[in-house]
Structures are given as C-alpha cells and as structure tokens.
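Biologist: I am new to this structure and would like a close look at a single part. Please show it first.

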Amino acid sequence: MTDTPRPVVLLTDFGIADDFAGVCHGVILQRAPGTQVIHLTHGIAPQAVLQGALVLRGTLRYMPTAVTMAVVDPGVGTERRAIAIDAKDGRSFVGPDNGLLIPAVEEAGGVARCVSLESPDHRLEPVAPTFHGRDVFAPAAAHLAAGGAISDLGPALDPDSLTPIEIPVPRPAGDSLIGQVWSVDRFGNASLNLGRAEISEVLGDASRAELVVGKRRYYAALAETFANVRPGELLLYVDPYGFASVAVNRGSASDMFDISPGDEIAICPLVEA
Amino acid sequence: MTDTPRPVVLLTDFGIADDFAGVCHGVILQRAPGTQVIHLTHGIAPQAVLQGALVLRGTLRYMPTAVTMAVVDPGVGTERRAIAIDAKDGRSFVGPDNGLLIPAVEEAGGVARCVSLESPDHRLEPVAPTFHGRDVFAPAAAHLAAGGAISDLGPALDPDSLTPIEIPVPRPAGDSLIGQVWSVDRFGNASLNLGRAEISEVLGDASRAELVVGKRRYYAALAETFANVRPGELLLYVDPYGFASVAVNRGSASDMFDISPGDEIAICPLVEA
Amino acid sequence: MTDTPRPVVLLTDFGIADDFAGVCHGVILQRAPGTQVIHLTHGIAPQAVLQGALVLRGTLRYMPTAVTMAVVDPGVGTERRAIAIDAKDGRSFVGPDNGLLIPAVEEAGGVARCVSLESPDHRLEPVAPTFHGRDVFAPAAAHLAAGGAISDLGPALDPDSLTPIEIPVPRPAGDSLIGQVWSVDRFGNASLNLGRAEISEVLGDASRAELVVGKRRYYAALAETFANVRPGELLLYVDPYGFASVAVNRGSASDMFDISPGDEIAICPLVEA
C-alpha cells in the first residue's frame, strides 16, 4: 500500500440525476480513504459503448496517473467479464469486458497485466445484477487506488482474450467523404469520425465545404474557432480532440441539422461560383 | 478537533444547474479546510422529502463514516427546526426537522445525541430565509466534520420530539398487490415500494407478471437483469437497493407507462395460457 | 511552492453533459497533485458573460481563499487576452479578459497584480483554439494553486487595460421600477437586478406588489420565504444573494410568466381595494 492513494477517474453513462455516481464515490472513500475522485463525465449516452471508449481515449492524456473506472455496460449481470488492467505506462483501468477500455489502454501503452474481477474480498456481496459499478468496479478501483496488487482481484487473463471494439472509419463516395457523428456536445457541436488530415485531403484548398445530411445541403466555412465566422453561421473546425466538427457560432448545429450520434454527414469541397 | 476531517456527504434537491451545491461545498471548505465532499445526489425531485429520505437510507451503507448533510426542505425559513444528530454508529446528520433524516438515522442505529441548530457561531448571519443549506446546514456540517462537538451547535433536543415520516406500504387488492412508484431513474426504470419478499408472495411460481397502470395492462418477465430479456421487452426485477422495479431492456419504462413518483401500479401473476 | 495547494473553484458554461469540466479537473490534478476542486457551477447559460460575472461576485464570500478559474468565453481563440489576477485580499483569478472576472475581483479588493497568460511552460501546446479551459486556464490555475508566482505565467498587464463589464441598472417609469431578469434557477425562481433597498423604495408600505410582464399583470405578496404564502401563490422576496426575486410557492414562476434572463418586469405597489 502506498501512502497517498492514486486518484480515481470515473466515466459512466449514469447521468447525474440519480445517486449512482455518488454511491460509487462513497464506496471508493469507504475502502480507500483520502482518494481524490475526478468525475470525468457521467454524460455518456445510455449504453453508448463506442462513445465512451472514444471519450476515454481522447481525454486520457489530460488525466493524472490514476485508476480509471469506466462503466457503460449494456451486458451488466450477464456472462460478460468484469476486468481490471494495468497498462504499461503505469495507469490502471477497471470496467466491463466489452471493448470500452481498449482504445484508452492502447493509448496507455497496452496491457501489462489483466485480471478477471472475481475475488469476493473485493466485491460487495451479494453483487446486485444491475449495478456492478457499485458492487464490483468501485471496490476494485479503490483497491488499486490504495496501492493494492491487481493480482488480488482475481485470476489473470490472456490479453488476447479481451473483447475488442470496432471504431467506424469514414468512407469515400465520389469526391465526398462520408463521416459519422460520434458525439454532440451541450453547445450542439457535432464531432465526426474524421481527423484534420482527412479533412485536408477531401477539401484540398477549398475554404468552404458542402455538407450533405440526408437530403439537405449546407455550406460551412472552414475556420479555427467559432468567432471566425458571423453569429448564426455554420463552420467546420477541428475540435479540441482532433476530430472534425460542425458548429454554429452562438447557435446549435444539432438543432439546425437534427442529427444524433450515428448519423452520417457527407463532406465535399464547395467550389466558389 | 481531529487531524483529518470526516468526509461530508451531500444529498439535496438543488439540482446542478445552479450554484447552490457548489456554494455549500465552498462554505464547508472555508470552515473545515481539507474536507472531502461527496455529492451523493442533488437530483432529488424538488421538495420530495419522502424520496430524499428513502435514497438517504438506501445509500447509507455505501458511504464512509461521514457527516451527511441533507436538504429537501419545503418549509425553509418557517418555524420548522434545523437539526443535527449523532447516530449510534458514529455517523452524523444535519438537515431540516421534517422527517428527511429519520429513516437513515434509524439505519445508523438510532439517535445518540440531537440538537437544534441555533448557535450564531455556527451559522452565517444574517441567515437567508430561503437558503439554510448555505447559512445553517453547511456551517454545522463543517463543524462536525472538523471534529467539533455537536453540543456547540445548539440546545439538546428530545429524540422523541423529532418530526417522523410516513413511508407508504403496498396494499393487497384481490390477487394483486398495489405498489407506489417512489422514483424513476435516468434510464426510465421505475422503483416501487415493494421488496423481493412481497414480489415472491404475490407472484408465487409465475415467471411473468401482469402490471396494471391506470386502465392499461402490461406483461413483464421476471428477470435478474436487463439483458435477460429481449431489447424492447418489459421486465420486473429487484433493483440494487432491494426494491421491485420495472424496466425496458435498452428502453425506458417511464416513457412506455407515462408514470411519475406517487403513481400506483398493481401487480399480479400472469397465468400462461 | 507551498505544501498544501490552495483549492481551485471552477465556474463555467460547460454544462456537465460533456467531459469539459472533468478534463479541466484532470489537468489541474496532473499539474498540482492534491488540489481540491470545487465545481461551483457549470450551469451558466452558454456564453452569458454577465450572468457568470454576477454569480462569481455573489458567491465569492462563501468560497475559501482559492484560485477561481472562470470560463464563459464567446471570444475563445480570437485576439481577446487570457489573464490571471492576484486580488488584494489574497484570492487569485484566471479567465478570459472579457469582463467576466471584474466584479468578483472588485469584491476581492481590486487588482494587486495582473498578467497575460502567454508562457508556453504553463499552457498545453498546441493550444486548441476552442478549448482554452483545458489548454490555457487550467494549467495556469494549477500553477497558482501549487504556490507558483503569477509572474511566471506571462507579462504584466496594466489593470486599467482590462476589459470592463456593464451591469444593467433598474430604471423608474412613473410609480413603477423596471427591473431585468438576470437568472432563473432550477425551481423557476427569477432573480432581478433590484436589491432590498430598491424594493422598499418603490413599494413603500404596501404588502403586495403588482408585476407587469409584457401585457400581463400579476399580483405578488411580499414575503420572507416560500412557505409564508399559500401553495401556488406568487411571492416577491429577497433571494439569498440580496436580489429581489419572484417565485411561486411549490410551483415555478418562470413557467407562469414564461420569462428568461434579459426579460423586463415592472414592479409597483398594489393599493388594496
């Protein structure tokens, strides 16, 4: 056991209207007094494993060397395994074996050690079949935060046995690139599964893009930040995590488009008349 | 005064759109530096004292030995007393004398000492008549967290004088049991005032239940967890706090039923045809 | 560097549906381990600089001596400066130079020292043009929290060069006073830019007020707290920050009035018939 516990970072789809996140916080402080908890987000869309995995990966470099507990878990209470992973860079991860943790663990250098959470000493028995966050993941995170060994938590797993996750890639169609909305934030800004390089490739030297959403067409200025365009104007920019995003300065792109995660947007250069 | 403050657990109906919860956090750190604060929930429905009391009781065993400050307080600023309670198990409680704290205090072994919060040294004067959380409860919680004596906070109260709370019980009607919805969570799962034993009693060996909501009838599978039924299917399960709950796998029971806390649901066995 | 970091108080318009606030928390703990973070509020309306400035000023006296990081920043990524201020009372402030910090800094005794956040050692490079909270303000707040000198963060600024903010004042119209709604809280209570003195002046000895909202007229009782009027009844009271507010006991004034921040309400005495 170390003197000062590592912080615990929580990412879930619990929302904050209920007590779920607070209860996990309580379990962690009960079993590892003094632990600092960062509520990274509880706003992952319900059961949106892919969104959770991408947020976890994208934010990892901004977190201290911590224990990350992530819960987006449509299979809670079924045969899917509960796992803990020590990554090669010294970070640890706790969550369901459904792919949620994998992109972040790869960002953290890959798996050093990996176990199945089966030790009754580090679970709250009887485990509720619908709340492993409280009864399985929080006690495991507390144990790791307090400096306990990962091997105490259960039998070792072969890293190759971990459930993978498929991250959708954009696909070309004529002179367009078709991307997928993977998140919409509180300001209505919609991030796509496209990076800066892909935007440059499809748009070339054009300073404006045509966006096709369903049967509707929109024109967006390429810009670095919101205030580079007029209020109410649409822009295409690279978001703080490196993803192409569409926004309306002082407005909401998601309201204008009526789009949700999973929807497709085609992007092509707009040739100025 | 002890060296390390006890944590403070906050439960309120303040929501988190405003600064109310953050201001209470500030007052606690101002008066008891270093205190760890657990925001258990600020999502209790406005003025829903019964819901707050049940959440407080149900989550208590998952919290560290702490000072709980709970504020769901329709009578703020009136003659209702503000109180602090040391429970027999070493936990302390601060809140309005409207029954909110009582079920949790009973869970914590009952009242050891109890006072009325009247000492001007442990209030922010002048006390705002509509925000006792900031001006009365947070300073008292900070004092107790830092190891101060409960007797500093005001005159002792007779525990028998505390305002009780009535917890509604289910009632039988023919071969049905009529329960009351006491909460609906972010996923649309609705918890009832029925435990596992009562469900077993009314349903016997049946593996499916009929639910009557108003004039509509629904059929729900008895299941341990969401993924035990098909997506879109209704299930009746025991929630993580031991209450019977209705849910839709990958959907929302509250959307399907249009139910709110206080509504009644009749449950009876479904005889397979 | 001091032994124990000062707490950091966060006020933003980030909301809590996304990871923005959690990421800032992570950056602070990465660079200043052990710092306690108070999430004062992330519920400022998007880009509502005036509302943010008033909340920051009104809540300051309830916060410990801390580093306040405030971000309501419509001009993010443009030429507007990013600044840090040491106030004369020992508090520090970090945020955009758009007037947001000014009323709170005045409350804290005024500017002792002020710098422009330009040092690459205390920014996350490359700085994302749309997320200075993460890349500029959080690293600066962490540096100050850990006891670092404000002069490390960039070149000194003339306090007279800081961007001011205009706070709207009520205006008389006949025997009425016309106030402006500056916030609506979760309970639907609407606070106006009027203090207790101004209410006394316009209402005199009257115990009821007439409120004019657009073309509609309402009658409100003057009261100290909600429960002083009947359920469903409208009241005019002084809110916990000293502002005149309109509320409905056990209801929502904003639902009754359909009002939003910026709307005007005329108040005059109601002469009892």
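Biologist: Is the crossing in which H1(A) passes H4(A) left-handed or right-handed?

Modeller: H1(A) passes H4(A) in a right-handed crossing; a crossing counts as right-handed if the near helix is turned clockwise from the far one by less than a right angle, and as left-handed if anticlockwise. This is a predicted model, in which local features need pLDDT of at least 70, side-chain atom pairs count only at pLDDT 80 or more, and totals for chains, interfaces and linings use all residues. Residues are numbered from 1 along each chain as its sequence is written, chains are lettered from A and ligands numbered from 1 in the order in which they are written, and side-chain values use heavy atoms, with hydrogens and water left out.

Two packed helices are described by the angle between their axes and the distance between the axes. Helix H1 of chain A covers residues 20-31 and helix H4 of chain A residues 132-145; helices here are DSSP runs (H or I, at least four residues), numbered from the N terminus. Their axes come within 9 Å and cross at roughly 40°. Axes are lines fitted to C-alpha atoms over the stretch in contact, and angles run from 0 to 180 degrees between N-to-C directions. The angle makes H1(A) oblique to H4(A) (under 35 degrees is roughly parallel, over 145 roughly antiparallel, 65 to 115 roughly perpendicular, the rest oblique).

On the H1(A) side, the contact (heavy atoms within 4.5 Å) is made by Val23(A), Cys24(A), Val27(A), Ile28(A) and Arg31(A). H4(A) contributes Gly133(A), Arg134(A), Ala138(A), Pro139(A) and Ala142(A). These residues divide into seven nonpolar, one polar and two charged, where Ala, Val, Leu, Ile, Met, Phe, Trp, Tyr, Cys and Pro count as nonpolar, Asp, Glu, Lys and Arg as charged, and the others, Gly among them, as polar.

In chain C, helix H1 (residues 20-31) lies across E1, E2 and strand E3 (67-71), running at about 155° to E2(C); strands are DSSP runs (E, at least two residues).
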